Amino acid sequence: MGLIGMFAFLQVYSVQAILPVLITDFSATEVQAGMVVGATILAIAIMSPFLGMLSDAVGRKVFIVGALLFLAIPTALIAQSPSIGWMGIWRFLQGFSVPGITVVTIAYIGEEFEGRAVTELMSFYVSGSVLGGFMGRFLLGHLHELIGWRAGYYVMAAMTLLGALWVTKMLPASRQFVANPNFRSAIQTLGEHLVNRYVVTACLLGACVLFSLVGCFTFINLHLADTPYELSTGALANIFAVYLLGVIITPLSTTLLRRFGSARTVRVAVVVSMLGVLLTLVAPLWGVVIGLAVMSSGVFITQSATISYIAVNVKKGRSLASGLYYMGYYAGGTLGAWLGGITYARGQWSLTVCLLLFVQILALLVASIGMIKTKSHAA
């Protein structure tokens with residue numbers, strides 16, 4: 001589960017490490033650069049519910065493998081991009097396949113396992129996602145310095161193909177999956193989810209979470225590439241090592257979930273994330289790095305708690321519920337890339353921090369008002 005999460009997110013945020021280079025190479029604006037990040041996220045938001053419904057009818061493993069195979073194609077085509085616009089198109093196509101991995105994997109875990117095993121496997125899946133988010137940025141940043149970002153994307157495409165072959169061999173076939181090809185039934189389930197407090201709250205919270213993460217880790221690159229830091233793509237890639245904290249912290253979050261429940265864990269994690277954002281305003285580079293580490297740790301705990309919240313409380317149409325969650329989650333990320341670009345262009349990093357804090361306050365309100373407390377053993 002951890003490695004599936006890694007392959008799913010290897011491509012999603014990789015472009016963040018080379019944003020300053022793209023602005024120079026394509027004579028692009030901050031908003032255009034932000035939307036290259038947001039293009040993949042927007043496609044994920046659009047496709048998540050539909051691929052969840054389709055997976056309910058077709059199956060789990062075949063979807064995950066097929067999505068990985070498809071993901072390799074636009075990843076290779078990015079290397080041929082003649083303009084920032086074309087790069088955005090290929091990035092958008094990348095996002096079409098990601099929900100076939102993420103949404104379906106969550107449904108697979110919810111069906112094949114129960115109780116404590118669900119929470120633990122979800123945490124490993126999120127840890128793998130965190131590792132993939134780091135590896136994509138880290139590898140592409142250093143590949144650019146070695147062979148250029150275009151050749152670097154060919155390497156990334158080859159890695160995705162290897163991931164598809166590995167999942168084909170290693171992932172056990174579903175045992176508990178029951179096909180539901182009835183489209184009318186799926187629409188009925190969709191209607192039920194749209195008024196389900198658990199699902200709606202998770203979607204809103206997810207939107208705030210990814211808005212913060214994308215807004216922060218996209219435009220901190222432009223901030224650190226500018227005076228007085230003037231970091232190279234390799235140095236920016238190294239900064240993303242703070243993501244590795246999430247690999248350690250996310251499995252540990254299961255202990256917090258069992259002891260305090262989802263609602264309380266999320267509130268504490270959001271406050272921690274807000275403190276991290278504030279720390280990025282500290283002038284020395286080490287202060288910025290610590291701030292990013294604290295901020296991302298809070299986000300990863302929030303994400304793990306929210307996904308477990310859905311898995312525990314939603315029993316019917318799990319993949320569709322996961323799809324709706326990811327639609328909200330990635331819609332928030334798209335807004336973070338777009339509004340973050342506008343904000344950064346107008347007020348640089350200090351104004352961007354104000355925007356991120358505002359969204360995190362909204363997340364705190366959603367968690368405080370919307371989340372129903374669950375028993376600790378269930379969480």
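**View 1. Tyr330 and the residues around it.** Leaving aside residues up to four places away in sequence, Tyr330 touches Phe9, Tyr13, Ile41, Ile44, Ala45 and Leu210. Keep in mind that this is a predicted model.

**View 2. The largest nonpolar core.** Here we have 115 residues, and Tyr330 turns up again: along with Met87 and Tyr153, Tyr330 is among those with the most contacts inside this core. The element that gives the most to the core is helix H13, residues 318–370, which puts in 17 residues.

**View 3. Tyr326 and Tyr330, a ring pair on H13.** Aromatic pairs come to eleven in this model. In one of these, the rings of Tyr326 and Tyr330 have centres 5.6 Å apart and planes at 20°; planes under 30 degrees apart count as stacked, so this pair is stacked. How far apart along the helix are Tyr326 and Tyr330? About one helical turn, because they are four residues apart in H13. Both Tyr326 and Tyr330 are buried.

**View 4. A cluster of tyrosines.**

**View 5. Helix H12, residues 285–313.** From its first C-alpha to its last, H12 reaches 42 Å, close to the 42 Å expected for its 29 residues at 1.5 Å a residue. Is H12 mostly covered or mostly uncovered? Mostly covered, with 24 of the 29 residues buried.

Notes: Residues numbered from 1 in each chain as written. Predicted model: local features only at pLDDT ≥ 70, side-chain atom pairs only at ≥ 80, totals over all residues. Heavy atoms only, no water. Core = buried A, V, L, I, M, F, W, Y, C linked by side-chain atoms within 4.5 Å. Buried < 20%, exposed > 50% of the residue type's maximum accessible area, 1.4 Å probe, protein only. Helix = DSSP H or I, 4+ residues; strand = E, 2+ residues; numbered from the N terminus. Contact = heavy atoms within 4.5 Å. Expected span 1.5 Å × (residues − 1). Phe/Tyr/Trp six-rings, centres within 6.5 Å; stacked < 30°, edge-to-face > 60°.
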